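Me: I would like to go through the terms used for this model one by one. For each, please set the value against the definition and then conclude.

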Amino acid sequence: MTFDLKAYLKTKQERIQQALDDLLPTTDSMPPKLHEAIRYSVLAPGKRLRPILVLAGAEAIGGSAESVLRTACALECIHVFSLIHDDLPCMDNDDYRRGRLTNHKVYGEAMALLAGDALLALAFQLIAENIETVPAQNILPTLRLIAQASGTWGMVGGQVVDMESQGQEIVPDTLHYIHKHKTGALLTASVLSGALLCGATEAQADALTKYGEHIGLAFQIADDILDITGDQEKLGKPIGSDEERDKATYPKMFGLEESRRRAHEEVRLAIETLQGFDENAEPLRAIARYIVERDL
């Protein structure tokens with residue numbers, strides 16, 4: 001039977017949306033404006049790719065998706081924190097995200113900054129609280145993994161090099177570093193965290209790490225391409241901003257066709273890493289293909 005990725009994504013997105021709604025602070029608790037700003041950005045329509053990867057990583061090794069739901073929501077909180085801060089005038093100065101005004105355009109720069117800070121803190125609270133449904137000994141390595149993927153050795157470090165590279169002539173290794181850290185690190189942590197919480201073996205963890213690294217690079221190359229060829233209405237954010245800011249991208253360095261080829265090659269390699277997994281890993285295989293099939 002052909003795996004129905006569309007139905008899988010819809011089911012998982014709905015479950016994650018409900019969990020986020022339940023776990024986020026409510027606007028009837030202090031301070032209400034901060035909580036309103038948090039909910040505005042987190043509950044906005046989105047692909048929920050990172051939390052879905054957490055659930056799919058758990059399922060790939062025969063674990064329960066429901067048991068890692070809090071950590072899945074934590075990964076979405078970290079992702080949204082990064083988006084809120086990315087959109088600020090001191091960074092990318094974007095007006096739209098996920099088809100609506102960015103957080104600082106609605107709540108002001110200071111509140112947006114604090115909403116992002118609060119989301120990062122909430123994420124680690126949620127991971128720690130996952131002790132209710134998974135073995136305690138699996139929590140600590142997961143916390144370390146996600147912290148490393150979020151900070152200077154991951155997403156934040158990649159963002160810094162991305163900013164410093166704007167308008168500069170860089171070598172391919174630097175471009176690879178940006179993509180691997182700015183985008184790939186959190187995607188890798190997502191799929192691996194679900195598996196770690198459910199007791200992945202060393203071999204399974206190694207394979208899923210490689211899977212995450214390959215889809216992370218494919219995803220960012222695809223984003224680079226979509227910033228040139230995509231539909232702004234479908235993407236929910238402006239296109240052409242990479243060229244406008246003279247950012248380092250794969251199409252800029254290698255051209256569109258070579259970038260497409262490289263993205264597809266990363267997907268092939270990602271699927272290849274899952275050879276030792278059974279049908280429980282089919283969602284991961286389908287997600288890898290989806291990454292380069294979204295309007296490229």
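Me: Which residues of α6 are called buried?

Reply: This is a predicted model, in which local features need pLDDT of at least 70 and side-chain atom pairs count only at pLDDT 80 or more, while totals for chains, interfaces and linings use all residues. Residues are numbered from 1 along each chain as its sequence is written, and side-chain values use heavy atoms, with hydrogens and water left out. Buried means under 20% relative accessible area, exposed means over 50%, and partly exposed lies in between (1.4 Å probe, protein chains only). In α6, Ala112, Ala115, Gly116, Leu119, Leu122, Ala123, Leu126 and Ile127 are buried. They sit on the same side of α6, because they cover an arc of only 130° around the axis; the arc is taken over the directions from the helix axis to the C-beta atoms. Ala110 and Ala121, on the other side, are exposed.

Me: Why is α6 called a helix, and how does its reach compare with the expected one?

Reply: Helices are DSSP runs of H or I with at least four residues, strands are runs of E with at least two, and both are numbered from the N terminus. Helix α6 spans residues 109–129, which is 21 residues. The expected span is 1.5 Å times one less than the number of residues. For α6 that gives 30 Å, and its first and last C-alpha atoms are 30 Å apart.

Me: What covers the buried residues of α6?

Reply: Contact means heavy atoms within 4.5 Å. The elements covering the buried residues of α6 include α1 (5–23), α2 (32–42), α4 (69–86), α5 (103–107) and α7 (139–150).

Me: What makes the buried residues of α7 one face of the helix?

Reply: The buried residues of α7 are Ile139, Thr142, Ile146, Ala149 and Ser150. Seen down the axis, they fall within an arc of 100°, so they line one face of α7. Leu140 and Arg144 are exposed on the face turned away from that side. The buried residues of α7 pack against α4, α6, α8 (155–165) and α9.

Me: How many residues of α3 are buried, and what do they pack against?

Reply: Twelve of the twelve residues of α3 are buried, and the helix is therefore mostly covered by the cut-off for burial. Among them are Arg50 and Glu59. The packing partners are α1, α4, α9, α10 and α15 (282–293). Just after α3, glycine 62 takes a positive phi of about 85°.

Me: Into which classes do the residues lining the largest cavity divide?

Reply: Ala, Val, Leu, Ile, Met, Phe, Trp, Tyr, Cys and Pro count as nonpolar, Asp, Glu, Lys and Arg as charged, and the others, Gly among them, as polar. The lining of the largest cavity has six nonpolar, three polar and four charged residues.

Me: Is aspartate 87 buried or exposed, and which residues does it touch?

Reply: Aspartate 87 lies in the loop between α4 and β1 (96–97). Its relative accessible area is 2%, so aspartate 87 is buried. Leaving out residues up to four places away in sequence, aspartate 87 touches Asn93, Asp94, Arg97, Thr102 and His104.

Me: What lines the second largest pocket?

Reply: The second largest pocket holds about 360 Å³ of space. Of its 16 lining residues, Leu145, Gln148, Ala185, Thr188 and Glu213 lie nearest its centre. Two or more residues each come from α7, α9 (172–197) and α10 (202–229), and α9 gives the most, with seven. By class, seven are nonpolar, six polar and three charged.

How values were computed
On a 1 Å grid over the protein atoms alone, a cavity is a set of points where a 1.4 Å probe fits but cannot get out, and a pocket is an open set with protein on both sides within 12 Å along at least five of seven lines; lining residues have an atom within 4 Å of a point. Grid points are joined across faces, edges and corners, and a volume is the space filled by probe spheres set on the points.
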